[in-house]
Amino acid sequence: MTFSSQTGPWDEPWPRWRVNPSTPQAGEALTVQVTDLVAWPNVLATVNGRPISVQPWGDGRLGRFTWAFVFPAPADDALEIVFYSHCDSGCQERSRLRLGAPSNAIAPAADLRASKLCAVAASPTRDWHGRSGWDVELTYARLAEERFWGIDDLAWRVQQATANGLHVLVQVDYDQGKPCPRPAIRRR
């Protein structure tokens, strides 16, 4: 795997990324540092979509704040690192770094053109032609242990739709043909 300073968000001055070593072998410890001018709260990083522990590094002198994380270099050449802040109230992406050979993965929903496309139980094999759409998944509380309706099957369908760049809404009904019971309203 070879990393190049020509890849990644180098046109933006902040945050700044440092990757060491610059040409790691598969499985070798890879140290990444993110430096920014703001002491972002509740940060998180993901490496190829998987969360990784981030540690503050340095003391913020000179108005610069650095976070570091270490992980084994992947065997393939594609590496995407995303740095988030404010993860106590829903993570906000701050910066993204792509290194190595581009992957054939679908672009994240934020990179796709918005559309009004919507589908109920969208086919995981559909080609969305670079557009983002909405997928509505349905599950039932009373069928939680049944094949297809269980939480693991639902999680798989949500993951597939998200990987295809779709936004996902999940509707949970009480039982087939019966929406969730409404709370009783007391009348005086």
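How many bridges join β2 to β6, and in which sense do the two strands run? Eight bridges join them, and the strands run antiparallel.

1. Basis. This is a predicted model, in which local features need pLDDT of at least 70 and side-chain atom pairs count only at pLDDT 80 or more, while totals for chains, interfaces and linings use all residues. Residues are numbered from 1 along each chain as its sequence is written, and side-chain values use heavy atoms, leaving out hydrogens and water.

2. Overall make-up. Helices (H or I, at least four residues) and strands (E, at least two) are DSSP runs, numbered from the N terminus.

3. Surface and contacts. Of the 188 residues, 31% count as buried, that is, under 20% relative accessible area with a 1.4 Å probe, protein chains only. The accessible surface comes to about 12,700 Å², and 52% of it belongs to carbon and sulfur atoms; the areas come from the Shrake-Rupley method with a 1.4 Å probe. Among contacts (heavy atoms within 4.5 Å) between residues at least 6 apart in sequence, 53% join residues at least 24 apart.

4. Strand β2 and its partners. Strand β1 (residues 16–20) is joined to β2 by five bridges, and the two run antiparallel. Strands count as paired if DSSP finds at least two bridges between them. T31 of β2 is the bridge partner of N20, and the bridge partner of T31 in β6 is V70. Because six of its eight residues are buried, β2 is largely enclosed by the rest of the structure.

5. The open sheet. Four strands form an open sheet in the order β4-β3-β7-β8, with antiparallel pairing. Its edge strands, β4 (50–52) and β8 (92–99), each pair on one side only. Neighbouring strands are turned by 25° against each other on average, direction ignored; the angles, on a scale from 0 to 180 degrees, are between N-to-C directions of lines fitted to C-alpha atoms. Within the sheet, β3 (residues 44–47) and β7 (residues 79–85) pair over four bridges, and L44 stands opposite Y84.

6. The core. The largest nonpolar core has 17 residues, and those with the most contacts inside it include W17, F69 and I81. Such a core is a set of buried Ala, Val, Leu, Ile, Met, Phe, Trp, Tyr and Cys residues joined through side-chain atoms within 4.5 Å. β2 (29–36), β3, β6 (65–72), β7 and β8 each supply at least two of its residues. Leaving aside residues up to four places away in sequence, F69 touches W17, V47 and I81, among others.

How values were computed
Buried < 20%, exposed > 50% of the residue type's maximum accessible area, 1.4 Å probe, protein only.
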